[in-house]
Amino acid sequence: MTTHSKDPHFRSIGEQVEAQGHDQEESGKPIEEIESLCLECGKDGVTRLLPTFIPYFKEVIVMSFSCPHCGNRNSEIQSAGEIQPKGCLYTIHVTTKSDLNRQLIKSEHCTLSIPELELQIPAKRGQITTIEGVLTDTVRDLELDQPLRKHMQPEVYQKIESICDRLREILGERVVPSGGDENGDDQSKTQQAGPVGARHEEIEDAENRQFKPFKLCLDDPSGNSFVEYFGSIESSGGSDNKWSKRDYPRNKEQNIALGLVADPDAPNKPADAVGGGGFSKELGETEFENEEVFEFEGTCSSCNAPIKTLMKTVNIPYFKDIVLMSTNCDRCGYRDNEVKSGAAISPTGRKLTLKVTDSEDLSRDILKSDTAGLEIPEIDLHLSPGTLGGRFTTLEGLLQTVYDELYEKVLMRGDSAQQTDVSKFEGFLGKLKRAISADACPYTVILDDPLANSYIQNPYAPDPDEQLTTESYERTFEQNEDLGLNDIKVEDYESDVQSEEEKEKDTADSL
């Protein structure tokens with residue numbers, strides 16, 4: 001990110017305003033006006049285009065439309081730069097009033113969600129606003145058809161109203177029913193609060209109000225969205241414990257939606273009872289074999305609805321085969337992902353030690369099985385085996401998952417958490433955040449797996465990696481007992497079965 005644009009056509013808004021005071025012939029006209037069709041009345045309106053530059057972000061075009069005939073107005077923002085190589089996912093933990101003032105740039109491809117409210121705003125139009133502005137627009141849009149829903153769909157009205165009440169609490173507003181006294185007489189108390197025939201007022205002492213913390217997520221496959229972070233500019237957000245950004249590679253569907261890849265008009269590939277399609281080598285969709293995705297019928301563990309579990313075998317070069325399993329329920333939204341080993345049980349355990357020296361090491365692929373433990377001694381991070389389950393991601397993605405899990409379970413509890421414990425844990429999360437952004441380098445990542453099913457990518461394979469140390473060891477009796485290996489017998493088990501049958505026969509004869 002840069003502070004100034006190199007393109008003379010894209011200047012900051014302050015520079016654009018200053019240029020308007022000079023001679024128009026020398027500075028040029030900063031705002032372009034184009035006649036556009038109004039979709040409300042069908043007559044011609046005016047669209048104004050302002051190329052500008054947002055410091056520490058990129059060039060954008062601010063567009064504003066107005067119709068002098070019917071009064072229709074609309075504004076949006078579009079990125080003037082290229083689509084980024086990867087998508088981006090911003091996560092903001094909003095805990096105080098000041099967090100609502102963060103500047104937010106939402107492109108037309110960005111999806112905004114608040115998991116605590118089960119609220120998702122689909123990709124529609126670009127905006128440059130704040131978090132408070134997004135929540136205000138959301139309340140306004142949800143309240144638009146509430147009078148009709150109250151009479152036609154009472155259940156839907158109540159559900160939407162509960163979301164609006166939570167958003168009003170965050171924004172510091174209250175609903176005063178119409179016809180009642182502003183001072184709160186008995187008549188106004190008996191009327192039902194809500195948007196139907198009501199007006200909003202700000203709560204007194206709104207600056208010091210308390211609300212339940214929530215998480216705001218911006219998922220943009222184009223990579224052209226942005227959320228302001230607090231702290232020093234040099235840290236690029238690493239010093240802000242409430243702000244995080246993760247880049248991810250786009251999938252095929254996202255590339256098609258962005259217009260980067262043509263939607264192949266290929267015929268449907270035949271699939272048997274368990275086949276789920278996948279990528280075809282014959283059609284040029286992949287260069288590898290065994291790309292078939294299998295489907296298995298099942299039942300959702302949350303709502304008991306019928307669902308399908310997708311399973312695919314993946315070969316990790318210089319390691320072994322693994323099995324990826326994914327379950328997604330369309331009815332209740334339950335999701336589950338697992339990574340299992342596709343090979344036999346290893347006779348020994350394996351301990352992997354990686355010396356992280358720069359940000360390049362954070363992009364290494366890492367497979368953490370459900371039996372592996374993770375440690376980073378420099379920041380006192382110790383995860384016992386089984387934590388987070390099986391994961392196949394990058395080192396940065398794994399540490400980001402650890403950060404999100406710890407933040408939600410510890411710091412999102414509100415007033416129930418002890419202030420001293422929260423302060424200590426915020427310090428620990430700061431260390432973890434610096435490790436994610438590579439500011440804490442060098443540090444050591446230790447992955448200890450008694451079943452040797454974990455893996456850290458060696459970019460120099462088949463040559464050895466000086467930063468990666470592999471150590472094999474014999475499992476202890478306690479480890480075998482925890483894994484259930486002490487009771488497994490794969491040789492001469494027929495004799496045990498015959499002896500059990502003889503004992504049952506003798507018992508039956510005696511009776």
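Residues are numbered from 1 along each chain as its sequence is written, and side-chain values use heavy atoms, with hydrogens and water left out. Because the model is predicted, local features need pLDDT of at least 70 and side-chain atom pairs count only at pLDDT 80 or more, while totals for chains, interfaces and linings use all residues.

The chain holds eleven helices and 27 strands, these being DSSP runs numbered from the N terminus (helices H or I, at least four residues; strands E, at least two). Of its 511 residues, 37% are buried, where buried means under 20% relative accessible area, exposed over 50% and partly exposed in between, with a 1.4 Å probe and protein chains only.

The second largest pocket has a volume of about 480 Å³. A pocket here is an open set of points on a 1 Å grid over the protein atoms alone, where a 1.4 Å probe fits, with protein on both sides within 12 Å along at least five of seven lines, and lining residues have an atom within 4 Å of a point; the volume is the space filled by probe spheres set on the points, which are joined across faces, edges and corners. Of the 16 lining residues, I121, K124, R125, D137 and D141 are the closest to the centre of the pocket. Helix 3 (131-143) and strand 8 (119-121) each supply at least two lining residues, and helix 3 gives the largest share, six residues.

K106, in strand 6 (residues 103-106), is buried yet has no salt bridge, and E108, the nearest side chain of opposite charge, is 8.4 Å away. A salt bridge requires a side-chain nitrogen of Lys or Arg within 4 Å of a carboxyl oxygen of Asp or Glu. Leaving aside neighbours within four places in sequence, the contacts of K106 (heavy atoms within 4.5 Å) include K124 and R125.

E143 and R168 are both buried. E143 lies in helix 3 and R168 in helix 5 (residues 154-171), so this pair ties together parts that are 25 residues apart in sequence. D141, by contrast, is partly exposed, with a relative accessible area of 47%.

Conventions. Lys, Arg positive; Asp, Glu negative; His and termini not counted.
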